[in-house]
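Welcome! Here is a short tour of one protein chain, one topic at a time. Keep the picture open while you read.

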Amino acid sequence: MHAARTAAQPLEPAARIRELELLEQEWKRGPRRNDRINAHIRAVLAAAGLSAGDVLEIGAREHPRTDVFAASAWNYSVMDIEAGSSSVPVVVGDITSCPELPDESFDVAVSVDVFEHVNRPWLAAEEISRLLRPGGISYTSTLFAWRYHPVPIDFWRFTPDCLDFLFADLDRVDSGFDTTERRRDIRGRGRRDQVPIDGLGGFRENWRVFHVGRKP
Ligand SMILES: C[S@@+](CC[C@H](N)C(=O)[O-])C[C@H]1O[C@@H](n2cnc3c(N)ncnc32)[C@H](O)[C@@H]1O
């Protein structure tokens, strides 16, 4: 990471441009989004001593995380509010209200970039907590700062404190930010991007946020 510089130490224009270019490219030096998240999920499950069981991934109709849960010991299923076109069958349902899924029927519940699209995320957290067996792990990855991106609607942004609060029925294992892509220039990407483009590029505060909880 770059050390913070005070206002009393301005850079010459050429050095400033070099610094901006370095900042913009920094995210490319580490693993990309999905590899990063998948490695994190694997580490979380290993730390929890979980290597088998029933998994529910929410909102994965297009990109199921089948590589993380490839072992035959995992029984992996996907629930999404819309039907999908991937190889994994999708149970169409709403994570804010899914009484069709019995209490304590999963060992792992995963959602990545779903909570910001859910109209009532507090109900989603309650349902995920209900669906987990005692000892089960919830892994939630969502956004603290990101450009507007409706899929189909973009409702919310979260802090770790907010996720801790929403998942109060679980024991908090970990929560925090992932700022790997903070200075990535995502101007003009995605449908209906409304961020004006100027000399500094586009959206520059890309912060992910995660929460890991365990059912008592
Ligand atoms: C941005 S996409 C998720 C992308 C994917 N999980 C990934 O990691 O790339 C958001 C997904 O959440 C689903 N979704 C939105 N609201 C939902 C709800 N209430 N219940 C279940 N799925 C929902 C959407 O249909 C969409 O597939």
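Most peptide bonds are trans, and most residues other than glycine have a negative phi. Helices (H or I, at least four residues) and strands (E, at least two) are DSSP runs, numbered from the N terminus.

This is a predicted model, in which local features need pLDDT of at least 70, side-chain atom pairs count only at pLDDT 80 or more, and totals for chains, interfaces and linings use all residues. Residues are numbered from 1 along each chain as its sequence is written.

**Two residues with positive phi**
- Glutamate 104, in the loop between strand E3 (90–92) and E4, has a positive phi near 50°.
- Aspartate 113, in the loop between E4 and H3, has a positive phi near 55°.
- A residue is buried if 20 or more other C-beta atoms, placed from the backbone, lie within 10 Å of its own, exposed if 12 or fewer, and partly exposed in between.
- Glutamate 104 has 12 C-beta neighbours inside 10 Å, so it counts as exposed.
- Aspartate 113 has 19 C-beta neighbours inside 10 Å and therefore counts as partly exposed.

**The whole chain**
- The chain has four helices and seven strands, in the order α-α-β-β-β-β-α-β-α-β-β from the N terminus on.
- Its C-alpha atoms fill a box of roughly 60 × 35 × 30 Å along the principal axes.
- Of the 216 residues in the chain, 30% are buried.

- Helix H1 (residues 13–25) has 13 residues and none of them is buried, so H1 lies largely in the open.
- In helix H3 (residues 121–131), the buried residues are Pro121, Ala124, Ala125, Glu127, Ile128 and Leu131.
- These residues cover an arc of only 165° around the axis (taken from the directions from the helix axis to the C-beta atoms), which puts them on the same side of H3.

**Around the ligand**
- Which of the 17 residues around the ligand come nearest? They are Gly59, Ile81, Ile95, Val112 and Val151, where being near means a C-beta atom, placed from the backbone, within 6 Å.

**From the record**
- An unreviewed UniProt entry lists residues 87–138 as "domain: Methyltransferase type"; such annotations may be inferred rather than shown by experiment.
- Residues 87–138 are 21% helix and 33% strand, with end C-alpha atoms 24 Å apart.
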